[in-house]
Amino acid sequence: MNVREIHEFLNEMWEGIFRLNEELKLELPKEGFKVEDVEEAFGAYIFIDGEWRLMKYPHPAFEVKPQIEVGATPESYYFVVAVPKERINTEFLERFIELFPRSFIYGSENFLSDIYNWRRDGRVSPGEILEKIEASDEKLFQFEANFESAGELKKGLLKLIETGKRFEIFDL
């Protein structure tokens, strides 16, 4: 283990999220969103070696209200958007997976049981995903997308907002 590399990696991860947070605080209010401050998030999970593993250490994250969390873990930069079950349809699923091929979909209560996992499932049809969602007792689903950099995350978040408005998933 190279301590210098770990140190530089963590600093870059945190700096990228702080920078993104400041940029979004200037840009998103005009879209109807409120950007909260960056916080140390605990209790998250990352997908390693085919399974979800608990992170016992903090990572940077912030809320974009309503319904979105933005952050970074050693695995990736990410956003998670909470979507009520009744607002999910095949067209939204198709667009989400098309825009965000590195994505996960899971319930808000049983979040370790994926409805869709890009690393495991490969290409699954939106119809198959919708069947799993409709069969679930969950009322709220988390749509997560992963990115290689804070810059790519920002581009993805802006696409999410545009798509979310189109499909009326937000409580604006």
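Predicted model: local features only at pLDDT ≥ 70, side-chain atom pairs only at ≥ 80, totals over all residues.
# Getting to know this structure: questions and answers

User: Is Ser-103 buried or exposed?

Analyst: The cut-off for buried is under 20% relative accessible area. Ser-103 has a relative accessibility of 0%, so Ser-103 counts as buried.

User: Why do the buried residues of helix α2 line one face of the helix?

Analyst: Helix α2 covers residues 90–99, and its buried residues are Phe-92, Leu-93, Phe-96, Ile-97 and Leu-99. In an α-helix there are 3.6 residues a turn, so residues three or four places apart point the same way. Looking down the axis of α2, the buried residues line one face because they fall within an arc of 165°.

User: Which residue caps the N-terminal end of α2?

Analyst: Look for a side-chain oxygen that lies 3.1 Å from the backbone nitrogen of Glu-91.

User: Which element gives the largest share of the lining of the largest pocket?

Analyst: The largest pocket holds about 470 Å³ of space. Two or more lining residues come from each of β3 (45–48), β6 (68–72), β7 and β10. With three residues, the largest share is that of β7.

User: How many residues in the lining of the largest pocket are charged?

Analyst: There are 22 lining residues, and those nearest the centre of the pocket are Ala-44, Glu-69, Val-80, Tyr-106 and Glu-144. By class, 12 are nonpolar and seven are polar, while the number of charged residues is three.

User: What is the distance of the polar contact between the side chains of Tyr-106 and Glu-144?

Analyst: Tyr-106 lies in strand β8. Leaving out residues up to four places away in sequence, Tyr-106 touches several residues, including Val-80, Phe-141, Gln-142 and Glu-144. The side chains of Tyr-106 and Glu-144 make a polar contact at 2.7 Å.

User: Is Tyr-106 buried or exposed?

Analyst: Tyr-106 is one of the residues nearest the centre of the largest pocket. The limit that matters here is 20% relative accessible area, with buried lying under it. The relative accessibility of Tyr-106 is 9%, so Tyr-106 counts as buried.

User: Which helix gives the most to the lining of the second largest pocket?

Analyst: About 200 Å³ of space lies in the second largest pocket. Among its 15 lining residues, Phe-9, Glu-12, Tyr-77, Glu-148 and Ser-149 are the closest to its centre. The lining divides into seven nonpolar, four polar and four charged residues. The helix that gives the most, with five residues, spans residues 3–27 and is α1.

User: Which residue has its backbone nitrogen 3.5 Å from a polar side-chain atom of Glu-75?

Analyst: Glu-75 sits in the loop between β6 and β7, and it is buried because its relative accessible area is 19%, where buried means under 20%. Beyond residues up to four places away in sequence, Glu-75 touches Ile-46, Phe-47, Phe-104, Arg-119 and Asn-146. The backbone nitrogen in question is that of Phe-47.

How values were computed:
Residues numbered from 1 in each chain as written. Heavy atoms only, no water. Buried < 20%, exposed > 50% of the residue type's maximum accessible area, 1.4 Å probe, protein only. Helix = DSSP H or I, 4+ residues; strand = E, 2+ residues; numbered from the N terminus. Arc of directions from axis to C-beta. Polar contact = N/O pair within 3.5 Å; in protein donor to acceptor, adjacent residues only side chain to side chain. 1 Å grid on protein atoms, 1.4 Å probe; cavity = no way out; pocket = protein on both sides within 12 Å on 5 of 7 lines; lining within 4 Å. Points joined across faces, edges and corners; volume = space filled by probe spheres on them. Nonpolar A, V, L, I, M, F, W, Y, C, P; charged D, E, K, R; others polar. Contact = heavy atoms within 4.5 Å.
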